[in-house]
Amino acid sequence: MDNDLRIGIIGLGQMGCNHLRVLSAIPQVKEISVVEFDDDKRQTNAAKYRVHHTYKHLDDFLEKSDVDACVIAVQPEYHALIARRCFQRSLPVLLEKPIAHTREDAAAIARSAREHDCLCLVGHIERFNPVVRKAKEFIEEGRVGKPYLCNTRRGGPFPKRLLSTNLGVLVDLAVHDVDIIQYLSGSEVQDVQSMFIKAENREIYAMALYRCESDMAGSMEFSWVSPQKVRRFQLFGTLGLIEGDYISQSLHFYENPDINDDDDPWATKHLVAGRIASGRIIEYPVWRSEPLHLELQHFLSCVRGEVAPEVTPQMAAQVVDVVLDINEKGTNSPTTIKCQLQDGSD
């Protein structure tokens with residue numbers, strides 16, 4: 001395949017426009033086609049960025065365009081329908097997260113990609129955040145010791161664009177942290193417990209406890225009730241703690257000097273019984289870059305057949321299953337608190 005690729009973008013919402021912005025700046029993308037029903041969005045973005053062909057309807061795009069791959073950035077409830085139609089044309093797809101809102105749609109997408117033997121990368125963008133990459137490298141090199149606890153925090157103001165919907169904080173945020181916990185631990189989340197604060201029928205705050213197959217445990221906090229935007233994780237190992245900030249792309253290691261041999265079985269079993277002390281705090285250098293740019297470069301490499309997709313539909317469907325499990329456990333929890341969410345201006 002030619003190194004220069006023609007890419008289609010289906011949907012010009014917030015993420016679709018971000019994909020367009022980044023793809024327009026990649027020299028290896030020789031043509032961009034966009035599909036957007038809204039005339040103003042389609043025309044404005046076509047004039048602003050490097051767009052070669054525009055379509056108002058998906059049917060016209062699928063019948064008339066000559067693209068090598070496409071990005072699907074529409075609302076998740078339409079993912080299954082549009083992805084299947086692209087797979088039927090053997091079009092490689094980058095499908096925005098979450099893969100779907102239901103287990104049935106997620107399974108249908110994975111099944112369709114497999115049946116048509118079609119490449120599909122699901123856009124779990126935090127996988128490509130340089131601080132996550134550095135943390136994974138740190139763990140694999142054994143510098144944190146045996147991981148046993150990972151806590152994540154992801155929150156900020158309520159996104160008022162969602163006031164007219166019933167979508168909650170889990171759909172918007174949780175897939176990121178579930179995927180990253182599994183990526184860093186190398187094992188799947190199995191057991192979860194959760195509690196919510198709800199406004200009417202949507203959760204605006206969620207706290208979940210979990211345990212992985214590897215026996216690593218921890219917590220996940222998701223919030224739409226804070227004016228502070230937070231995107232952080234802490235991973236504790238027998239040799240110390242690594243703390244990552246997705247926004248600043250910074251990574252710190254808090255050394256535990258009481259353990260200098262991670263092969264010590266006593267330390268692994270009885271770590272909290274007096275074998276933790278404060279040591280050096282080391283900031284490790286992270287080569288900062290926009291995660292979306294790295295994700296799209298990876299997608300282009302997948303389309304050219306150079307690498308395999310890092311996040312397959314099967315992986316993304318499993319993440320959705322965990323998120324829905326968190327939602328079901330929280331919905332049925334007696335600790336769920338209900339409050340009134342007030343409308344406001346943007």
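Predicted model: local features only at pLDDT ≥ 70, side-chain atom pairs only at ≥ 80, totals over all residues.

Analyst: Cys-150 takes part in no disulfide, and its nearest cysteine sulfur, in Cys-212, sits 8.1 Å away. Cys-120 counts as buried because its relative accessibility is 3%. For Cys-120 the closest cysteine sulfur belongs to Cys-118, and at 7.8 Å that is too far for a bond. Search the whole structure and you get zero disulfides; the cut-off for calling one is a pair of cysteine sulfur atoms within 2.5 Å.

Now to helix H5, which covers residues 103–115. H5 has 13 residues and runs 18 Å from its first C-alpha to its last, close to the 18 Å expected at 1.5 Å a residue. Which of its residues are buried? They are Ala-106, Ala-108, Ile-109, Ala-110, Ser-112 and Ala-113. The cover over those buried residues includes helix H4 (79–88) and helix H10 (313–331), along with strand S5 (93–96) and strand S6 (120–123). Just after H5 ends, Asp-117 takes a positive phi of about 50°.

On to helix pairs. Two packed helices are described by the angle between their axes and the distance between the axes. Take helix H6 (residues 130–140) and helix H7 (residues 169–185): their axes come within 9 Å and cross at roughly 30°. H6 and H7 are therefore roughly parallel to each other, since angles under 35 degrees count that way. On the H6 side, the contact is made by Val-132, Arg-133, Ala-135, Lys-136 and Ile-139, which meet Ile-180, Tyr-183 and Leu-184 of H7. Sort the residues of this contact by type and you get six nonpolar, two charged and no polar.

Helix H1 (residues 14–24) and helix H9 (residues 291–303) make another pair, packing at about 70° with their axes 10 Å apart. That angle makes H1 roughly perpendicular to H9, because the range for that label is 65 to 115. From H1, the residues Met-15, Asn-18, His-19, Val-22 and Leu-23 meet Leu-292, His-293, Glu-295 and Leu-296 in H9. The contact of H1 with H9 divides into five nonpolar, three polar and one charged residue.

Terms used:
Residues numbered from 1 in each chain as written. Heavy atoms only, no water. Axes fitted to C-alpha atoms, helices over the stretch in contact; angles between N-to-C directions. Helix = DSSP H or I, 4+ residues; strand = E, 2+ residues; numbered from the N terminus. Parallel < 35°, antiparallel > 145°, perpendicular 65-115°, else oblique. Contact = heavy atoms within 4.5 Å. Nonpolar A, V, L, I, M, F, W, Y, C, P; charged D, E, K, R; others polar. Expected span 1.5 Å × (residues − 1). Buried < 20%, exposed > 50% of the residue type's maximum accessible area, 1.4 Å probe, protein only.
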